[in-house]
Amino acid sequence: MSITSVSRVNPTRPGGNRRARPARSEARRRHVPYLLLLPGLLWLGVFFVVPIVTLLGTSTQTRVPGGEIGEFTQTLRLANYWDALSRYQEHFGRSVLYAGVATLAALIIGYPLAYMIAFRAGRWRNVLLVLVIAPFFCSFILRTYAWRQILADEGTVVRTLKWMHLMPEGASLTATSFAVVCGLTYNFLPFMTLPVYASLERIDHRLLEAGYDLYGGPWTVLRRVTFPLSMPGVVAGTLLTFIPAAGDFVNAGLLGTTRTQMIGNVIESRFVDLNDYATAACLSFLMMAVILALVLVYIRRTGTEELV
Amino acid sequence: MSVLTRTGPSRARAVGCRRTPAGTGGHRIRRWLGENALCVYAALALGYLFLPIAYVTVFSFNDAKRSNIVWRGFTLENWENPCGASGDVCTAVRTSVEVGILSTVLATMLGTLVAFALQRYRFRGRTVVNVIIFMPMATPEVVMGASLLTLFLNMGGVVTLGFWTIVIAHVMFSLSFVIVTVKARIASLDASLEEAAKDLYANDLQTFRRVTLPLVAPGIAAAALLAFSLSFDDYIVTTFNSGTVNTFPKYVYTSAQRGIPAQVYVFGAGMFYLALLIVLLGELLRRRRSRGS
């Protein structure tokens, strides 16, 4: 901001000679932002935008009759989308359901954690924040795999639950939708906690005091003052958890079975293992459309439109 | 400062987590729980976050011969010889480190330039630029991986999947995060510092090199760390675009089918504690410095 305003020519200033130099430098300045943007945007353009467009083109292709596996030709067949949707609607439902439950669970676990760090941690605040991010330092595949071992049939958790008769004999935790949701919640919990913390931390303490002064109990203040004020963080956290969770296939792959597969698993196996590029492309765009629609509805409902 | 203005009940709430309960007996415990319910809950949540890491740490010491599933006894052998018999783990880790460093350097450089352009200049097409930067962060990784692979496949024999396609992919998805991080730092700068430099007859370049860049540096460092950890831990995009090259996460995922060797646990745990140590030392240093001044 300041650079442009400093260099701006003052038209009322007398003396044409003095004016010539800044004018030329302003003309040069006009190129500067584009030069700065060029390499980065070129990278994103070539390796993100172009691929997405290519994928869009792939989605309407059909297999060459009698051709090799993975050989496709452009037929602009929009019915591909309908086929993909009707064939994998179960997986779509599961993705939305698992990601939704995991997001809710992350909110229930993460909100009090963020609240505690923001209001009660005192000088330990930074250390606790580091601890929230710290799990990322350990490979996420390895942590997910560790969950599989922890929840395994011969593991301590299952044995203890069975010993306490909280779980029937013969039942197991691994390879269930519970395990998948548990893994999703775990992996994306910091994405919920950090934005919520950021917005809680910004709250003016005097507003909370005003709530107490007006005879609000702790719950009333939380419900009527703190939570509404932290809404931008909750919305951001929900999106940051829901979007990657809905597209994830690692958790369902490591912690689930074929009956708990999510749409990410289908896209991955259609694309990499079966070379069915058209179906995978259709599913990708359908998933993005579903996510976008849900996000828009959610933002409309929560009324924080300035976020996007 | 706000503690002083607080009255009655709210002051009691501000104290934080107490270690010494007041009162006596069972009543005492119940009262302590009532006062510290939030802290107990937060501790449980942190425990949930660290449970798998504890598991990884313990099993990195397991005397496992082939697959590291059942506890067979304590050994230091895995830590003494982290590459194992085949050395596959170490190759994968080395690839991950190389990809990580290269893509971090590229993404940080490109991203910083874009951040300066966005924060310091007014230009046409800003909205489009913002949308292009926002999109990769909102796109599921599966879609990014699949679409990039489509591009590489459509280019026919020109591109062979491997080390460089992984680097390209990693720069692509970390770029937006770098831009957002550096941009936030530039936005938080005090404009009067640069004006002061100009008043002291520094030209544009001098101001940038001696004032602006040192002030933005922490943001750039944070962005670089973020880019490296995103790259080092990525599995989904990598698995689409890596061909036969193994990165560490890919190695872990593929070996998960037949049981992960204990050496992988050594690397997982080792990197975790190393990074934690670095961050906590930095925090300690920062605290000491702020106390000194």
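**Reading confidence, contact and packing in a two-chain model**

Modeller: In this predicted model, pLDDT stays under 50 over residues 1-21 of chain A, a stretch for which the model has 17 contacts beyond four places in sequence.

Biologist: How should I read a stretch where pLDDT is low?

Modeller: As a general idea, where pLDDT is low the predicted coordinates should not be read in detail. In chain A, the mean pLDDT is 82, and 88% of the residues reach 70 or more.

Biologist: Turning to the contact between the chains, how many residues does each of them bring?

Modeller: In general, the size of an interface is often given as the accessible area lost when the parts come together. Here we can count residues instead, and the contact takes 72 residues from chain A and 75 residues from chain B. On the side of chain A that touches chain B, the largest share, 19 residues, comes from helix α2 (residues 16-58) of chain A, and the residues of that side divide into 55 nonpolar, 13 polar and four charged.

Biologist: Why does A:Leu76 count as exposed, and where in chain A is A:Leu76 found?

Modeller: A residue counts as exposed if 12 or fewer other C-beta atoms lie within 10 Å of its own; A:Leu76 counts as exposed because it has 9 C-beta neighbours inside 10 Å. A:Leu76 sits in the loop between β2 (72-74) and α3 (79-87) of chain A, and its C-alpha lies 16 Å from that of A:Leu286, although the two are 210 residues apart in sequence.

Biologist: What is chain B built from, and how do its contacts span the sequence?

Modeller: Chain B has 13 helices and zero strands, and 37% of its 293 residues count as buried. Among contacts in chain B between residues at least 6 apart in sequence, 73% join residues at least 24 apart.

Biologist: How do helices α6 and α8 of chain B cross, and which residues meet there?

Modeller: The axes of helix α6 (residues 126-138) of chain B and helix α8 (residues 163-187) of chain B come within 9 Å and cross at roughly 115°, and the crossing is left-handed. From α6(B), B:Ile133, B:Pro136 and B:Met137 meet residues of α8(B) including B:Met172, B:Phe173 and B:Ile179. By class, this contact has seven nonpolar, one polar and no charged residues.

Conventions. Residues numbered from 1 in each chain as written. Chains lettered and ligands numbered in written order. Predicted model: local features only at pLDDT ≥ 70, side-chain atom pairs only at ≥ 80, totals over all residues. Contact = placed C-beta atoms within 7 Å. Helix = DSSP H or I, 4+ residues; strand = E, 2+ residues; numbered from the N terminus. Nonpolar A, V, L, I, M, F, W, Y, C, P; charged D, E, K, R; others polar. Buried ≥ 20, exposed ≤ 12 C-beta atoms within 10 Å, placed from the backbone. pLDDT = per-residue confidence, 0-100. Axes fitted to C-alpha atoms, helices over the stretch in contact; angles between N-to-C directions. Left-handed = near helix turned anticlockwise from the far one by under 90°.
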